[in-house]
Amino acid sequence: MATIKDVCKLAGVSKATVSRVLNSTGQVKKSTAEAVYQAISALDYKPSSLARALATNSTNTIGLVVSAFEGAYFSSLLRKASQTTLQAGKQLLIMDGGHSSASEQLAIESLVERKVDAVILYTRQIPEAVLKQLMNDLSIPLIIINQQVEGFEERCISFNQYEAAQQAAEYLLSKGHKEFACITGPESSINSRLRLQGFQDTLIKHNLQTCTAYHGDYFTQSGYHACNELLASKQSFTAIFAANDNMAMGAIRALHDTGLQVPQDISVLGFDNDPAGEFTIPSLTTIMLPVEEMAYTAVKQALQLIDKQEISTIALFSGNLIVRESVDHL
């Protein structure tokens, strides 16, 4: 396998000159550059990506930390981020953030050690104060999806969780429902708390009692178990608001297993617009979260920072109500 020394010898130039030609740095005469390219072609020389990274102080990679790989939501996020990065001539290096603040921070540290040019973090667990410290201390840009950080708003790509939950509550109220149950995510999740708060505050605005919250972990099985716990409590309700579609589908199964029909007996509204929801029986009414657009925007912000460009604050993304069959008039 040919080395850079072989290229230098055949082209009759120094190693520094070959490096300048390969990395388009400094001034090199056209005839010299042509001699280098001819030597590279003749020797079938393939430059070391590590060597090029050391020479340019860039690896042409962007790191992405996500808290889960399961489900259509994260699949869409990963696909769009990968496509956008590739179109920019860079590669995406993905790390599992796990389900704790510590594991998310370890993933970031690992990416920094791998010399990525920027990190995009989809966080569910890291507190704002820690995020602010990371943004101040890291030697590379850090873009946050899913959370706002005071003072770094231009680096945050967020969805208006509170407003979307208000929209869900208003829709159920418009259908005549007045008694609700909520299946929400973990108490440690900021977005889980925002979705629940938006729903509860809307009920209070309409002079209604707030709903009892049953916690899941965003997976289908947890929605099933939370709904069974709800049914065992014997509380009165006509509609369930679930903080994501997976838990909503689990709840529908639990209702079915106890002989209750959706939406004839109980209405169910989900969140995220998982593609599977369109094909469940009944099809799932939900709030669509524009995750692909958010992933695209996060990568674009990172690319601009890598290129030392100024970036502007991105407005909060909004949800859209997708009306299907799982919600009916009371």
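**A friendly note on this predicted model**

1. Threonine 32 sits in helix α3, residues 30–43 (helices are DSSP runs of H or I with at least four residues, strands are runs of E with at least two, and both are numbered from the N terminus). Neighbours within four places in sequence aside, threonine 32 is in contact with Val13 and Thr17 (contact means heavy atoms within 4.5 Å).

2. A word on how to read the numbers. This is a predicted model, in which local features need pLDDT of at least 70 and side-chain atom pairs count only at pLDDT 80 or more, while totals for chains, interfaces and linings use all residues. Residues are numbered from 1 along each chain as its sequence is written, and side-chain values use heavy atoms, with hydrogens and water left out.

3. Next, the charged pairs. Side chains of opposite charge can pair when their charged atoms come close. How many salt bridges does the structure hold? There are five (a salt bridge is a side-chain nitrogen of Lys or Arg within 4 Å of a carboxyl oxygen of Asp or Glu). One of them joins arginine 79 and glutamate 292, at 3.1 Å from N to O. Because arginine 79 belongs to helix α5 (residues 71–87) and glutamate 292 to helix α12 (residues 291–306), this pair ties together parts that are 213 residues apart in sequence. Arginine 79 is partly exposed at 39% relative accessibility, and glutamate 292 is partly exposed at 31%.

4. Another salt bridge is formed by lysine 90 and aspartate 117, whose closest N and O atoms are 3.9 Å apart. Lysine 90 is in the loop between α5 and β2 (91–96), and aspartate 117 is in the loop between α6 (101–113) and β3 (118–122); the pair links distant parts of the chain, 27 residues apart. Are these two side chains buried or exposed? Lysine 90 is buried, with a relative accessible area of 11%, and aspartate 117 is buried too, with 10%.

5. A further salt bridge brings together the side chains of aspartate 272 and arginine 195, at 3.8 Å from N to O. Aspartate 272 lies in the loop between β9 (267–269) and β10 (286–288), and arginine 195 lies in helix α9 (residues 190–205), so parts that are 77 residues apart in sequence are tied together. Aspartate 272 counts as buried at 15% relative accessibility, and arginine 195 is buried with a relative accessible area of 6%.

6. Now for the strands. Strands of a sheet pair through backbone hydrogen bonds, either parallel or antiparallel. Strand β1 (residues 61–66) pairs with β2 in the parallel sense over six bridges (two strands pair if DSSP finds at least two bridges between them). Within this pairing you can find leucine 64 opposite isoleucine 94 of β2. Together, β1, α5 and β2 make a right-handed β-α-β unit (a crossover is right-handed if, with the strands pointing away from the viewer, the path from the first strand over the helix to the second runs clockwise).

7. There is also an open sheet of four strands with parallel pairing, in the order β7-β6-β8-β9. Strands β7 and β9 stand at the edges, each with a single partner strand, so one side of each has no neighbour in the sheet. From one strand to the next, the twist averages 20°. Strand β8 (residues 239–242) and β9 run parallel and are joined by three bridges; phenylalanine 241 has leucine 269 of β9 as its bridge partner. Helix α9 lies across β6, β7 and β8, and runs at about 170° to β6 (axes are lines fitted to C-alpha atoms, for helices over the stretch in contact, and angles run from 0 to 180 degrees between N-to-C directions).

8. The link is left-handed, with -75° about the S-S bond. Cysteine 182 lies in strand β6 (residues 180–184) and cysteine 211 in the loop between α9 and β7 (212–215), so the pair ties together parts 29 residues apart in sequence. Cysteine 182 is buried at 1% relative accessibility, and cysteine 211 is buried at 5%. Cysteine 227, by contrast, is in no disulfide, and the nearest cysteine sulfur, that of cysteine 182, is 12 Å away. Cysteine 227 is buried, with a relative accessible area of 0%.

Key:
Buried means under 20% relative accessible area, exposed over 50%, partly exposed in between (1.4 Å probe, protein chains only). A disulfide is a pair of cysteine sulfur atoms within 2.5 Å.
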